[in-house]
Structures are given as structure tokens and as C-alpha cells.
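Subject: A structure for you to explore

Hi there,

Here is the structure I promised to pass on to you. Please open it alongside this email and follow along as you read.

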Amino acid sequence: MATETSDGENPTRGTVNEGAAPDADEQARPEARVGWRYTLSRVRQDSTARLGLYIIAFMTFVALFAFVDSQLLDYAIAERFLYSPVADPANPQILQPPVGITNEFGTGTWAHPLGTDHRGRDILVRLIYGTRIAIQVGIIATGIGVVIGTLVGAVAGYYGDYVDDVLMRAVETIYAIPFLVLVIAFMTAFGRNMTFAMIGVSITTVPVFSRLIRSRVVSVREEDYIEAARAAGVRDRNIILRHVIPNSFAPVLVQATLQIGVNILIVAGLSFLGFGAQPPTPSWGQMLSNSRGFMLPDP
């Protein structure tokens, strides 16, 4: 029953039952389109981003299996159930074709579904264990590029004027250099190992993300909640990290899922040219380099 106050007002109109449907005003209230939750919801709605994340998750699982077997178990699983990806087999079946195909060395069988290389090693097993290098460099290089590129683009877009000019001209200078030339020059100067390969590849991806997020920040910085934060005396650093970047990050995250694949191709190209992982560690580019001499005479 409703109760009245001393001045005649009726503040309580009854008791709301638990589980009751929300009233019309609450249903009509629009969802706040700010913050990390909204950004992640946008990514979930993007079919391209979801497909990219599924592929990355599968490759990461394969890479983790290969890492555990190679680093912790010394290829015990491969040698017990498959074939060693680094050692020559005791009785090598050289240049066996894929299953169902016949060449001068025999007919392909399910024992080696993708055939064997010039040293008798199973190509499928080396493909699986080469995923370690591909996914490691792809994810780490992309992650470094996302962090640096996001910060550079957010600062440039937020402040504008000469800060924007200086940062974006520097980014465009990197963007103007062919990525493969830049990475090879970087590795030639500092060393031909995977650490410098990852750093070099990450440098080439910084312009991609900085330019992408800057275009979003230019519009986000004019929103009312940004003006309110400025009026409340919030520091620019906190505004950029807590408001500007979270509300501009959706396209960056989508691009990151695609950039991982691009970076894997870059690293494969480096390995093909001899700038990546060195034998006997299996890597995709190195496998292509070793097999190119056999492609034309016996495809």
C-alpha cells in the first residue's frame, strides 16, 4: 500500500516484484557507446575479425604443442608418434610425393600425407613445428606495432597542430620505405636472428596502426565526454589512455587480426632469403627455399 509523507507527496507507488520486466524507460534507454566493452562488442560483430581470431587461436594451439614438445620434451612426441622435424630418419624416403601422387621415387602414402623433403623428413611434421616461428613472430611483432602505433596515432590525433605534423611525417617516412628492404637493412645492421626480425617487422607495422587510430581519434576528441573530462581537470595522459584509445580501438583490433597474417608472410619471406631461423630449426620460408630446386623438374 502506498505511503504518504508529511507534505502530501507519494514517493512510493508500490513494491516491484523480483524478476519483473524492466519498465519502458529502461528498455528504451540507449546503450552507452563508449569504453572497452563497446569496442569489444564491435569486434564481435565483425565477421572478418572473428574469422581472423579463430585462425590465430588454432595456429596458437598448434604452436604451443610444438613448443612444449621441442623445448620441454626434446621432440619426444614427434619421435614417438610422428617423425622428428630436425633429424634425418634412419631409413629416409627422399622426395616422396603427397598421398595419391606418383613420381620417380614412388607413390605417396598416408605415412607421409604431404610427402618428404630432400633429406627424407616429413613435410607435414615440419610444417606443424614451423608454426612456432610463424606465430611467435606474427603475434609479438604485431603486438609491438599495435602498442607503439596506437600511442603515436592517439597522441597525434588528440593534440593536432604541430604535434600531429611531426609525428605523422615521421610515420609516413617509415611507410614510404619498402617493408622488406627496411627489415633486411635492420637485420643486417644489428644481427640475423629472430629477435631483430621481430623488432624490424614491428617497426614496419607501426605506420599502419598509427594512421588508422589517428583518423578515429580526430573525431572522438570532439565528443562531449572528452570535453567533460577536460573541464573536470583530468590530465591529458589519462584522457588519452582511459577515454580516447578505448573508444577508438575497434578498427585497430580488427586490423591486428589481419596484420598477424601479413607479418607471418613477411617472416616467411625473410627465412626464404636466409634472414630467419637457421637449420635445423624448421620454418616455412626455409622449407620453401630448400624445395625450390625441386619444383620445376618434379612439381
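Ring pairs join Phe65, Tyr75 and Tyr129 into a cluster. Before you go further, please keep in mind that this is a predicted model.

By the rule used for ring pairs, there are six aromatic pairs in the count. One of them is formed by tyrosine 158 and tyrosine 159: the ring centres are 5.1 Å apart and the planes stand at 85 degrees, so this pair is edge-to-face. For that label, the angle has to be over 60 degrees. Tyrosine 158 is buried, because its relative accessible area is 6%, whereas tyrosine 159, at 38%, is partly exposed.

Now try another pair, phenylalanine 190 and phenylalanine 196. Their centres lie 6.0 Å apart and their planes are at 25 degrees, so these two rings are stacked. Phenylalanine 190 has a relative accessibility of 53% and therefore counts as exposed. Phenylalanine 196 has a relative accessible area of 23%, so it is partly exposed.

Two arginines also sit over rings. Arginine 80 lies over the face of phenylalanine 81, at 4.9 Å from the ring centre, and arginine 211 lies over the face of tyrosine 175, at 4.7 Å from the ring centre.

**The chain as a whole**

The protein chain has 13 helices and two strands. Of its 299 residues, 36% are buried. Among the contacts with a separation of 6 or more, 65% are between residues 24 or more positions apart.

**How helices meet**

Helix 8 (residues 179–190) packs against helix 9 (residues 194–220) at an angle of about 145 degrees, and their axes are 9 Å apart. The crossing of helix 8 and helix 9 is right-handed. On the helix 8 side, the contact involves Phe179, Leu182, Val183, Phe186, Met187 and Phe190. Helix 9 contributes Phe196, Ala197, Ile199, Gly200, Val201, Ile203 and Thr204. Sorted by class, the residues of this contact are eleven nonpolar, two polar and no charged.

The crossing of helix 6 and helix 9 is right-handed. This contact has 18 nonpolar, ten polar and one charged residues.

**Two residues to look up**

Is asparagine 263 buried or exposed? Asparagine 263 has 0% relative accessibility, so it counts as buried. You will find asparagine 263 in helix 12 (residues 250–272). Leaving out residues up to four places away in sequence, asparagine 263 touches Gly138, Ala141, Thr142, Val201 and Thr205.

Glycine 120 is buried, because its relative accessible area is 6%, and the cut-off for buried is under 20%. Which residues does glycine 120 contact, leaving aside its neighbours within four places in sequence? They are Pro89, Pro92, Gln93 and Ile94. Glycine 120 and asparagine 91 are 29 residues apart along the chain, and their C-alpha atoms are separated by 8.1 Å.

Enjoy looking around, and write back with any questions!

Best wishes

Conventions
Residues numbered from 1 in each chain as written. Predicted model: local features only at pLDDT ≥ 70, side-chain atom pairs only at ≥ 80, totals over all residues. Heavy atoms only, no water. Axes fitted to C-alpha atoms, helices over the stretch in contact; angles between N-to-C directions. Helix = DSSP H or I, 4+ residues; strand = E, 2+ residues; numbered from the N terminus. Left-handed = near helix turned anticlockwise from the far one by under 90°. Contact = heavy atoms within 4.5 Å. Nonpolar A, V, L, I, M, F, W, Y, C, P; charged D, E, K, R; others polar. Phe/Tyr/Trp six-rings, centres within 6.5 Å; stacked < 30°, edge-to-face > 60°. Buried < 20%, exposed > 50% of the residue type's maximum accessible area, 1.4 Å probe, protein only. Lys NZ or Arg CZ within 6 Å of the ring centre and 35° of its normal.
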